[in-house]
Amino acid sequence: MNNSSRKQYIPAYILAGLVMLAASYSLPRWLPGDFVTAMYSNSHVTLTENQELELRAYYTQRPNFGRYLLDFFTFNWGYSYAFLTPISGLIAGALPWTLLLMGTAHVLSMVFGFIAGVEAAWRRGAMIEKAGVGSMTILQGVPELGIGVILLLFFAFHLEWFPAAGGETAYVNYTTGRWVLDLSHHLALPLVTLFLAYFPGNFLLARGSMVMVLGQQYLETARAKGLPPIRIRYAHAARNALLPMVTRFGLRIAFMVTGVLVVETIYAYPGLGTLLFNAIAMRDLPLIQAIVLFSSLVVLFVNLCLEFVYGLLDPRVKHAS
Amino acid sequence: MHLNARKKLATDPWFITGVALVLIITILIIAGPRLAVHDPHDMSFQPLDHPSSQHRLGVNDGGMDILAELLFGIRNTVAFGLVTGITGMVIGVIIGLVCAWFGGLTDNFLMRLSDILMAVPSIMILILTAAFFRPSPASLGLILAAMAWPGTAKAIRAQAMVIKNSLHIQAARQMGASGSYIITRHMMPELFPLYLIGFASKARMAMFMEASLSFLGLFDPSRKSLGMMINYALKYYYLDIWWNWLMPPILCLTLLIMAVTFLAVSLEKVFDPRLKEVW
């Protein structure tokens with residue numbers, strides 16, 4: 001891997017962001033038909049010719065790209081057709097739920113996957129390692145859709161341990177402690193689903209890169225110095241095994257986002273995924289567009305930040321620049 | 001990199017399981033229209049009927065035979081995976097070889113382009129185009145392939161650069177072989193395992209995305225697909241439809257994804273541990 005040239009990715013992310021903005025700006029103009037016909041042709045409202053002209057003029061006015069960018073970055077994203085409220089409000093309401101779900105699932109699966117992977121690589125060839133790799137490979141073949149529905153069936157309908165839908169119990173006033181409990185009660189099933197979906201990838205990747213690190217000579221040196229195994233494992237070896245996890249994160253994020261969309265929809269969790277699902281069901285194009293654009297830019301931004309983390313983690317990159 | 005590969009593959013349990021699953025799926029696909037006694041679009045049956053000898057898996061809410069839907073859904077998902085996998089692999093191989101062979105400005109430009117494409121979240125572009133233009137599944141597959149090639153291209157390029165400077169290529173050059181001859185006769189066959197890995201990982205991603213997008217309702221509703229069946233069945237979760245309606249598509253989808261996952265895992269393991277593609 002060419003570590004010294006990771007800086008090349010930074011302009012790539014910025015350009016990718018511009019591509020997304022440009023696509024989202026220009027795609028609606030290629031749409032056949034127009035909003036006024038779509039909205040009023042089947043409704044009970046009959047428009048006079050004058051009204052129709054005015055409406056048409058209103059809905060066909062297009063800001064130039066600069067204006068569009070300005071609107072976008074000031075959260076002036078227009079109105080949703082289906083919910084009849086400002087889009088930015090809808091997204092702001094849904095975002096914390098998605099961040100809570102995806103963030104927790106990601107951090108947990110990353111930490112546990114990494115530790116399990118490092119330990120597995122250390123015990124390479126042992127029975128428990130083989131069993132772990134085998135079961136994780138099988139689990140990697142199960143899509144979120146399957147895990148989600150099966151957990152829902154078992155824990156929400158058969159055992160009734162967990163609620164089947166929503167992010168919190170509606171219309172109740174809890175004290176903060178009870179509220180957090182209620183929140184985690186609702187979070188449990190979607191979280192476990194996502195964890196099970198993300199964990200195998202992290203585990204196998206950490207194990208793979210750790211196995212390669214363990215073959216290197218500086219670890220012989222560390223061993224020869226008589227360092228305790230746990231120190232060799234984490235302070236010397238695992239630090240370098242962490243690098244591929246960071247680089248691969250950006251590439252796996254597309255899968256992760258798809259997973260969140262599906263899992264939120266299954267459990268009707270009130271995040272961006274469910275909002276997008278509803279927007280698709282109601283053909284609310286401005287809302288779909290805003291969610292897609294917003295989440296892609298967030299993904300790009302996270303990737304960009306990771307590039308800097310990568311620089312911090314890998315001294316070779318730091319010294320090269 | 002081919003030495004002993006065949007023997008290693010033949011004894012790899014993942015590979016054997018993967019091939020067995022692929023065989024089962026192929027049989028289901030080929031024999032599908034014969035196994036399904038009813039037309040999947042025929043809506044004339046008793047809605048939500050229980051499984052019977054007439055309808056092995058019962059009837060859905062729209063009065064359609066579930067077994068027929070299932071068999072046609074598998075075909076559609078696999079077709080999507082094949083279209084995307086093959087197209088993505090071909091583009092990736094060509095661009096990877098071109099980059100490795102010509103180097104310089106071409107290489108630089110194509111690699112920067114692939115960095116950008118890798119950064120763009122392809123699922124979002126798919127959702128946007130599917131929601132706005134409702135294109136046919138084949139064109140969606142092609143769009144996905146057009147965004148999914150960089151991973152393969154980079155793996156091919158890296159390996160081709162190594163091969164390019166190896167002794168036998170130098171010997172071929174000494175003997176006056178042309179660039180196209182070396183690429184087609186020496187480099188392309190040598191990189192063959194990488195094509196398989198690229199294809200399997202692309203096909204896996206494509207089938208995964210097809211299922212998710214159809215679950216979210218982004219495909220033509222008259223096109224049978226596993227994701228859409230799960231979506232509709234979930235609306236009736238309170239009825240006794242779990243075993244005959246909800247589980248079969250989930251099981252089929254899982255088997256499909258498992259098959260390609262196992263193949264990709266074993267191919268990677270056997271050919272080169274350093275050539276891991278991204279999941």
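A residue counts as buried when its relative accessible area is under 20%. By that cut-off, A:Phe199 and A:Phe203 are both buried in this predicted model.

**Aromatic pairs**

Across all chains, the whole structure holds 18 aromatic pairs.

| Stacked pair | Centre to centre | Angle between planes |
|---|---|---|
| A:Phe72 and A:Trp77 | 5.3 Å | 20 degrees |
| A:Phe199 and A:Phe203 | 6.1 Å | 20 degrees |

A:Phe199 and A:Phe203 both sit in helix α8 of chain A, which covers residues 176–214. They are four residues apart there, so about one helical turn separates them.

A:Phe72 is buried, as is A:Trp77. Both also belong to a cluster linked by ring pairs.

**Charges over rings**

B:Arg223 lies over the face of B:Phe219, 4.6 Å from the ring centre. B:Arg75 lies over the face of B:Phe72, at 5.8 Å from the ring centre.

**Helix α11 of chain B**

This helix runs over residues 242–271, 30 residues in total. At 1.5 Å a residue it should span 44 Å. Its end C-alpha atoms are 41 Å apart, which agrees with that expectation. The helix has a kink of about 30 degrees, centred on B:Pro248. Of its 30 residues, 26 are buried, so α11(B) is largely enclosed by the rest of the structure.

Notes:
Residues numbered from 1 in each chain as written. Chains lettered and ligands numbered in written order. Predicted model: local features only at pLDDT ≥ 70, side-chain atom pairs only at ≥ 80, totals over all residues. Heavy atoms only, no water. Phe/Tyr/Trp six-rings, centres within 6.5 Å; stacked < 30°, edge-to-face > 60°. Buried < 20%, exposed > 50% of the residue type's maximum accessible area, 1.4 Å probe, protein only. Helix = DSSP H or I, 4+ residues; strand = E, 2+ residues; numbered from the N terminus. Lys NZ or Arg CZ within 6 Å of the ring centre and 35° of its normal. Expected span 1.5 Å × (residues − 1). Bend = angle between axes of the 7 residues up to and from the residue.
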